[in-house]
Amino acid sequence: MRYLAALLLTAVVAGPVIAGQCPTLVNQIDTQLQSTALDSETKANIKALRDRGESLHQQGKHDESVKVLQEALSKLDMRS
(Lines give C-alpha, C1' and ligand atoms only; values in the text may rest on other atoms or scores of the structure.)
Protein backbone atom coordinates (compact mmCIF):
# COMPACT_ATOMS: atom_id res chain seq x y z
CA MET A 1 0.00 0.00 0.00
CA ARG A 2 2.84 2.40 0.79
CA TYR A 3 4.40 1.62 -2.56
CA LEU A 4 1.20 2.56 -4.38
CA ALA A 5 0.86 5.78 -2.37
CA ALA A 6 4.48 6.71 -3.15
CA LEU A 7 3.95 5.98 -6.84
CA LEU A 8 0.82 8.14 -6.99
CA LEU A 9 2.52 10.98 -5.15
CA THR A 10 5.45 10.84 -7.56
CA ALA A 11 3.11 10.96 -10.55
CA VAL A 12 1.21 13.94 -9.13
CA VAL A 13 4.41 15.87 -8.39
CA ALA A 14 6.22 15.00 -11.63
CA GLY A 15 3.42 16.15 -13.95
CA PRO A 16 3.69 19.88 -13.20
CA VAL A 17 7.49 19.71 -13.19
CA ILE A 18 7.55 18.30 -16.71
CA ALA A 19 4.85 20.74 -17.84
CA GLY A 20 6.95 23.65 -16.56
CA GLN A 21 9.96 22.48 -18.50
CA CYS A 22 8.32 22.94 -21.91
CA PRO A 23 8.18 26.78 -21.94
CA THR A 24 11.78 26.92 -20.73
CA LEU A 25 12.89 24.72 -23.61
CA VAL A 26 10.90 26.81 -26.11
CA ASN A 27 12.63 29.95 -24.82
CA GLN A 28 16.05 28.28 -25.08
CA ILE A 29 15.34 27.33 -28.68
CA ASP A 30 14.16 30.84 -29.54
CA THR A 31 17.26 32.40 -27.98
CA GLN A 32 19.64 30.03 -29.74
CA LEU A 33 17.86 30.46 -33.08
CA GLN A 34 18.47 34.21 -32.87
CA SER A 35 22.15 33.87 -32.04
CA THR A 36 23.14 30.94 -34.29
CA ALA A 37 23.82 31.23 -38.01
CA LEU A 38 21.98 28.40 -39.78
CA ASP A 39 21.09 27.59 -43.34
CA SER A 40 17.41 28.11 -44.14
CA GLU A 41 16.59 24.38 -44.34
CA THR A 42 18.06 23.60 -40.93
CA LYS A 43 16.42 26.66 -39.39
CA ALA A 44 13.03 25.66 -40.83
CA ASN A 45 13.46 22.10 -39.52
CA ILE A 46 14.29 23.33 -36.01
CA LYS A 47 11.40 25.83 -36.05
CA ALA A 48 9.02 23.04 -37.10
CA LEU A 49 10.18 20.89 -34.18
CA ARG A 50 9.84 23.88 -31.84
CA ASP A 51 6.31 24.60 -33.04
CA ARG A 52 5.35 20.92 -32.75
CA GLY A 53 6.73 20.80 -29.21
CA GLU A 54 4.82 23.92 -28.23
CA SER A 55 1.63 22.48 -29.72
CA LEU A 56 2.08 19.22 -27.80
CA HIS A 57 2.59 21.24 -24.62
CA GLN A 58 -0.66 23.11 -25.21
CA GLN A 59 -2.43 19.78 -25.74
CA GLY A 60 -1.14 18.58 -22.35
CA LYS A 61 1.23 16.00 -23.89
CA HIS A 62 4.22 17.19 -21.90
CA ASP A 63 6.39 14.07 -22.14
CA GLU A 64 6.14 14.12 -25.93
CA SER A 65 6.66 17.87 -25.97
CA VAL A 66 9.89 17.64 -23.98
CA LYS A 67 11.24 14.93 -26.31
CA VAL A 68 10.52 17.00 -29.43
CA LEU A 69 11.91 20.20 -27.91
CA GLN A 70 15.07 18.42 -26.75
CA GLU A 71 15.50 17.06 -30.27
CA ALA A 72 15.35 20.62 -31.60
CA LEU A 73 17.90 21.75 -29.02
CA SER A 74 20.25 18.90 -29.88
CA LYS A 75 20.11 19.87 -33.56
CA LEU A 76 20.91 23.45 -32.56
CA ASP A 77 23.80 22.31 -30.37
CA MET A 78 25.26 20.31 -33.27
CA ARG A 79 25.23 23.44 -35.43
CA SER A 80 26.73 25.80 -32.83
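This briefing walks through the nonpolar core and the salt bridges of the structure above. The model is predicted, so local features need pLDDT of at least 70 and side-chain atom pairs count only at pLDDT 80 or more, while totals for chains, interfaces and linings use all residues. Residues are numbered from 1 along each chain as its sequence is written, and side-chain values use heavy atoms, with hydrogens and water left out.

**The nonpolar core**

- The largest nonpolar core has 15 residues, and I29, L33, I46, L69 and L76 touch the most other members.
- A nonpolar core here is a set of buried Ala, Val, Leu, Ile, Met, Phe, Trp, Tyr and Cys residues joined through side-chain atoms within 4.5 Å.
- At least two residues of this core come from each of α1 (2-35), α2 (40-58) and α3 (62-79).
- The largest share, 6 residues, is supplied by α3.
- Helices are DSSP runs (H or I, at least four residues), numbered from the N terminus.
- Leaving aside residues up to four places away in sequence, I46 touches I29, L33, L38, A72, K75 and L76; contact means heavy atoms within 4.5 Å.

**The salt bridges**

- Side chains of opposite charge can pair when their charged atoms come close.
- The structure holds 3 salt bridges, each defined as a side-chain nitrogen of Lys or Arg within 4 Å of a carboxyl oxygen of Asp or Glu.
- R50 pairs with D30, and their closest N and O atoms are 2.7 Å apart.
- Because R50 lies in helix α2 and D30 in helix α1, this pair ties together parts that are 20 residues apart in sequence.
- R50 also meets D51 in a salt bridge, at 3.2 Å from N to O.
- E54 forms a salt bridge with R50 too, with the closest N and O atoms 2.7 Å apart.
- Both E54 and R50 sit in helix α2, 4 residues apart, which is about one turn of the helix.
- Together, D30, R50, D51 and E54 are linked in a network of salt bridges.

**Buried or partly exposed**

- Buried means under 20% relative accessible area, exposed over 50%, and partly exposed in between (1.4 Å probe, protein chains only).
- R50 is buried, with a relative accessible area of 12%.
- D30 counts as partly exposed at 25% relative accessibility.
- E54 is partly exposed at 28%, and D51 is partly exposed at 45%.
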